[in-house]
Amino acid sequence: MCHWPRVVRVSTPRRQQILDTAATLFAERGFHGVSVHDIGGACGISGPALYKHFAGKDDILTQALTAISEQLLAEGRARAAAATAPADALDALIAWHIDFALGHPALIVIQEREWANLDAAGRKEVRSLQLAYVDIWVDVVRRLRSDLEAAEARAVVQATFGLLNSTPHSARISESAMRARLSTMAHSALLA
């Protein structure tokens, strides 16, 4: 059986612009409500010019969710590894996820709403990255909460993600107040 190497895409400013623009449009109008021409027009290029960077609209969706999942995982690993104590690791993870939630609301919306539009390979890759990210949190939480079995810790972490990822749908207060509120709520949920 032949195994092809995974294609590693080089991130360029134009490519990132396309991903960011498409995520915003998918969040606003839904995946099926956006065409390649809409994405190109919003980026100031022709729709067909997108094919220099992506295989198509499906690929854009997959790459947007894969890229953010890779970023969450890499930063989560780095923050947990840099912490000198489990409580510091938890603080760093919570701060990082709040940064993500407040900084990328469109990606949260498309993750929850457009999941079914990912092909099977894309779903598998994104899910694998997400589970690895959850595992970082579970490890930290279990070091602080020895009373939790792994399955219960996973449930607590995933429920906390639900809380943090609800920000695109939440009533808005100032960003600093929202950060403080989310941090307090996440700590309470994870350590209660």
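I take contact to mean heavy atoms within 4.5 Å. With that in hand, A189 touches V156 and T160, leaving out residues up to four places away in sequence.

**Ground rules.** I am working on a predicted model, where local features need pLDDT of at least 70, side-chain atom pairs count only at pLDDT 80 or more, and totals for chains, interfaces and linings use all residues. Residues are numbered from 1 along each chain as its sequence is written, and side-chain values use heavy atoms, with hydrogens and water left out.

**Overall fold.** I looked up the secondary structure and found eight helices and zero strands. Helices (H or I, at least four residues) and strands (E, at least two) are DSSP runs, numbered from the N terminus. Along the sequence I read α-α-α-α-α-α-α-α. The radius of gyration is 18 Å, close to the 16 Å of the globule rule for 192 residues, so the chain is as compact as a globular protein of that length. That radius is taken over C-alpha atoms, and the rule is 2.2 Å times the number of residues to the power 0.38. I also noted the box that the C-alpha atoms fill: roughly 55 × 50 × 30 Å along the principal axes.

**Contacts, burial and surface.** I took contacts between residues at least 6 apart in sequence; 67% of them join residues at least 24 apart. Of the 192 residues, 42% count as buried. Buried means under 20% relative accessible area, exposed over 50%, and partly exposed in between (1.4 Å probe, protein chains only). The chain exposes about 10000 Å², with carbon and sulfur atoms supplying 56% of it. These areas come from the Shrake-Rupley method with a 1.4 Å probe; for residues, only the protein chains shown count as cover.

**Charges.** I compared the mean positions of the 20 positive and 20 negative charges and got 4 Å between them. Lys and Arg count as positive and Asp and Glu as negative, with His and the chain ends not counted. Each charge is placed at NZ of Lys, CZ of Arg, CG of Asp or CD of Glu.

**Helix α6.** This helix covers residues 120-144, 25 residues in total. From first to last C-alpha it reaches 36 Å, close to the 36 Å expected at 1.5 Å a residue. The expected span is 1.5 Å times one less than the number of residues. I listed its buried residues, among them V126, L129, Q130, Y133, W137 and V141. An α-helix has 3.6 residues a turn, so residues three or four places apart point the same way. The cover over the buried residues of α6 includes α3 (57-82), α4 (86-103), α5 (105-113), α7 (150-164) and α8 (175-191).

**L144.** I found L144 in helix α6. L144 is partly exposed, at 32% relative accessible area. Beyond four places in sequence, L144 is in contact with P86, A87, L90 and L191. L144 and L190 sit 46 residues apart in sequence, yet 9.3 Å apart C-alpha to C-alpha.

**T160 and A189.** T160 lies in helix α7 and is buried, at 1% relative accessibility. Its contacts beyond four places are A186, A189 and L190. A189 lies in helix α8 and is partly exposed at 36%. I also checked A189 against A159: 30 residues apart in sequence, 8.3 Å apart C-alpha to C-alpha.

**R172.** I placed R172 in the loop between α7 and α8. R172 is partly exposed, at 47%. R172 touches L102, T167 and M178, not counting residues up to four places away.
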